[in-house]
Amino acid sequence: MWWGIGGALAASAVWAAAVLTVPSLINGDSTSGARSTAGFRVVDDLCATARLTTFGRLYPAPSGTPYHYTTRHRALEEMYCSQYRKKVGGDQDYYTLYLQVQLHHEVDPRPEFDAQRDGLTQRHYQVSPVPGLGDAAYVGYLDDPNGSDPSWHYLTQVLYVRKGGMTCYTSWSASYQDGRGAAPDREQVRTALLSDTRELLHALGGSV
C-alpha cells in the first residue's frame, strides 16, 4: 500500500513539474501562444471595415444593403459580412462576397482549419496552398454546372487564412451561362481575394 502511495506521489510530482515547464501538455498545444489572437481586434461592422479595394474595381456598383453581425464571448468572438455587387448599376449579373473572421480564445483552431481544407477536397474543389499568408492559408475553386442545364455554371472561390487563434474565411461566388458573355477570370478573382483579405486583416490590427 505504501509503495502504491509513494508511486502516486512521485507521479504527481513529475506531472506537476511537467505542467510548470511544458504547459502544452495541459492545453494540448505544441506551440506557445498558438491560441493568441495575434493582435487582431473585434469591430462592430465588418462590412464597414472591409474596404474591398480590388473587388471594388472589378464590381464597383453595390446591390442592396450589406449584412453584418458581431458576436462576443470569452471563448470565441466572430465578425461576419455579406454583400452583393455588380459591374454596372443595370447589370443583371452580380457577385456575392462573404467575409468571416473568428478569434478563438480557448481552443486551438488548427484541427478544424485543416479539416475544412479536406472537406473542400471531398466536395471536388480545386485546393491550393497560399504561401506567405498567415501561419497557413489555402484557396479553393469550384465550377459546378447546373444539373438540369449544364450550360449554366455556378462558380465559387474561397480563401481560408489562419494566424494564431485567428481564422478568416472569404468567399466569392457568381454564375454565368455558356454563350452568354465570358466567364469571370479565375486568376483575377483569386488576386482580389488575396489582396482584399490582406487589407482587411491589416485593418483589424493584425500582421499577416
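Trainee: Which residue of β7 stands opposite Y160?

Mentor: Y169 stands opposite Y160. Keep in mind that this is a predicted model.

Trainee: Why is the pair of Y160 and Y169 called tilted?

Mentor: The ring centres of Y160 and Y169 are 4.9 Å apart, and a pair needs centres within 6.5 Å. Their planes stand at 45°. Stacked needs under 30 degrees and edge-to-face over 60.

Trainee: Is Y160 buried or exposed, and how do you know?

Mentor: Y160 has a relative accessible area of 11%. Buried means under 20%, so Y160 is buried. Y169 has 23%. That value lies between 20% and 50%, so Y169 is partly exposed.

Trainee: In which sense do β6 and β7 pair, and over how many bridges?

Mentor: β6 and β7 pair in the antiparallel sense over 12 bridges. At least two bridges are needed for strands to count as paired. The hairpin of β6 and β7 has two residues between the strands. There, G164 takes a positive phi near 60°.

Trainee: With which sense and how many bridges does β5 pair with β6?

Mentor: The sense is antiparallel, and β5 and β6 share 10 bridges.

Trainee: What makes β6 largely enclosed by the rest of the structure?

Mentor: Nine of the 12 residues of β6 are buried, so the strand is largely enclosed. Across the chain of 208 residues, 39% count as buried.

Trainee: How many aromatic pairs does the rule give?

Mentor: The count comes to nine aromatic pairs. One of them joins Y80 and Y98, with 6.4 Å centre to centre. That is within the 6.5 Å limit, so Y80 and Y98 count as a pair. The angle between their planes is 35°. It falls between 30 and 60 degrees, so this pair is tilted.

Trainee: What parts does the pair of Y80 and Y98 tie together?

Mentor: Y80 lies in strand β2 and Y98 in strand β3, so the pair ties together parts that are 18 residues apart in sequence. Y80 is buried at 16%, whereas Y98 is partly exposed at 29%. Y80 and Y98 also belong to one aromatic cluster with Y67 and Y69.

Trainee: How do you know that R162 lies over the face of F113?

Mentor: R162 is at 5.9 Å from the ring centre of F113. The distance limit is 6 Å, and R162 does lie over the face of F113.

Trainee: Which residues have the most contacts inside the largest nonpolar core?

Mentor: L46, F55, V101, W172 and L204 do, in a core of 38 residues. The elements that give two or more residues to this core include α3, α4, β2 and β3. The largest share, six residues, comes from α6. A second, separate core of seven residues includes F113, Y125, Y138 and L142.

Trainee: What does F55 touch beyond its sequence neighbours?

Mentor: Not counting residues up to four places away, F55 touches Y95, L97, W172, V189, A192, L193 and D196. V189, A192, L193 and D196 are among the buried residues of α6. The buried residues of α6 pack against α3, α4, β3, β5, β6 and β7.

Trainee: How do you know that the span of α6 is close to the expected value?

Mentor: α6 has 18 residues and reaches 26 Å from its first C-alpha to its last. The expected figure at 1.5 Å a residue is 26 Å. Helix α5 has 13 residues and reaches 19 Å, close to the 18 Å expected.

Trainee: Where does L52 lie, and what is its phi?

Mentor: L52 lies in the loop between α3 and α4, and its phi is near 50°, a positive value. At 8%, L52 falls under the 20% limit, so L52 is buried.

Notes
Residues numbered from 1 in each chain as written. Predicted model: local features only at pLDDT ≥ 70, side-chain atom pairs only at ≥ 80, totals over all residues. Heavy atoms only, no water. Core = buried A, V, L, I, M, F, W, Y, C linked by side-chain atoms within 4.5 Å. Buried < 20%, exposed > 50% of the residue type's maximum accessible area, 1.4 Å probe, protein only. Helix = DSSP H or I, 4+ residues; strand = E, 2+ residues; numbered from the N terminus. Contact = heavy atoms within 4.5 Å. Expected span 1.5 Å × (residues − 1). Phe/Tyr/Trp six-rings, centres within 6.5 Å; stacked < 30°, edge-to-face > 60°. Lys NZ or Arg CZ within 6 Å of the ring centre and 35° of its normal.
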